[in-house]
Every structure is written in C-alpha cells, then in structure tokens.
Amino acid sequence: MLGPIQLIVAAAILFLGSTILGTIGFGIGIVTMPVLVLVLSPQTSVVTMNTLALGLEGWIVWQARRDIPFREMGPIAAASLVGVPMGVF
C-alpha cells in the first residue's frame, strides 16, 4: 500500500508528464518514468504510465479525428501491427 507522500509524488509527476504531453506532444515517458520508478515498483510504474498514456493519446486522437488522414495512415498502421510485436519479442 502506498503512503500519502508516495501518492502525492506519483500524482504530481503524472500530472506534470500529462501537461508536457499536451503542450509539446511527447515526453510523458521521459518525464514520468525516472521519478515514478523511485516511488513505485518498476512493473507498477510501467503499467500506470502506459495506461495513462493510452488514455491521453486516445483523447488526443478523438479530439483531432477530423484532421487525421486515416486513409493515408492505413498502410503504416497495418505495418506497425506486424512490426511492433516482433520488436517487443
């Protein structure tokens, strides 16, 4: 169980990373992971950060859905569905 100080630090760093992501478009992993690993276990940090990043990126895509050229991105997305699991393995 996390103590109150750990929760405050984790929430603050996640807020900072989310703000940076919304401002400049990248950086949530770069900003959050070093401090989050100091507060939480590595596995918990990765799951927390990835869940938050997925939600934030999904929200950004939803907000910009009218401006995204989905037809042009289809081949790239299909190739990434093959390449990403191979790279992770």
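**Exercise 1. Which residues does Val37 touch, not counting residues up to four places away in sequence?**

Work from the predicted model above.

*Step 1.* Val37 sits in helix α2, residues 28-39.

*Step 2.* List the contacts. Val37 touches Pro42 and Ser45, with residues up to four places away in sequence not counted.

*Step 3.* Classify its exposure. The relative accessible area of Val37 is 36%. Buried means under 20% and exposed means over 50%. Val37 is therefore partly exposed.

*Step 4.* Check a separation. Val37 and Leu52 are 15 residues apart along the chain, and their C-alpha atoms are separated by 15 Å.

**Exercise 2. Decide whether Ser45 is buried or exposed, and find what its side chain reaches.**

*Step 1.* Ser45 belongs to helix α3, residues 42-63.

*Step 2.* Its relative accessible area is 0%, so Ser45 is buried.

*Step 3.* The Ser45 side chain reaches the backbone oxygen of Leu36 at 3.1 Å.

*Step 4.* Not counting residues up to four places away in sequence, Ser45 touches Met33, Leu36, Val37 and Leu40.

**Exercise 3. Identify the largest nonpolar core and the elements that give two or more residues to it.**

*Step 1.* Collect the members. The core has 11 residues in all: Ala10, Ile13, Leu14, Leu21, Ile28, Met33, Leu36, Val39, Leu40, Met49 and Ala53.

*Step 2.* Assign them to elements. Two or more residues come from each of α1 (4-24), α2 and α3.

*Step 3.* Link back to Exercise 2. Met33, Leu36 and Leu40 are among the core residues, and Ser45 touches these three.

**Exercise 4. Describe helix α4: its span, its kink and its burial.**

*Step 1.* Helix α4 covers residues 70-88, 19 residues. From first C-alpha to last it reaches 25 Å, close to the 27 Å expected at 1.5 Å a residue.

*Step 2.* Find the bend. A kink of about 30° lies at Leu81, shortly before the proline Pro85.

*Step 3.* Count the buried residues. The number is zero of 19, so α4 lies largely in the open.

Note on methods
Residues are numbered from 1 along each chain as its sequence is written. This is a predicted model: local features need pLDDT of at least 70, side-chain atom pairs count only at pLDDT 80 or more; totals for chains, interfaces and linings use all residues. Side-chain values use heavy atoms; hydrogens and water are left out. Helices (H or I, at least four residues) and strands (E, at least two) are DSSP runs, numbered from the N terminus. Buried means under 20% relative accessible area, exposed over 50%, partly exposed in between (1.4 Å probe, protein chains only). A polar contact is a pair of N or O atoms within 3.5 Å; within protein, one must be able to donate a hydrogen and the other to accept it, and residues adjacent in sequence count only if both atoms are side-chain atoms. Contact means heavy atoms within 4.5 Å. A nonpolar core is a set of buried Ala, Val, Leu, Ile, Met, Phe, Trp, Tyr and Cys residues joined through side-chain atoms within 4.5 Å. The expected span of a helix is 1.5 Å times one less than its number of residues. The bend at a residue is the angle between axes fitted to the seven residues ending there and the seven starting there.
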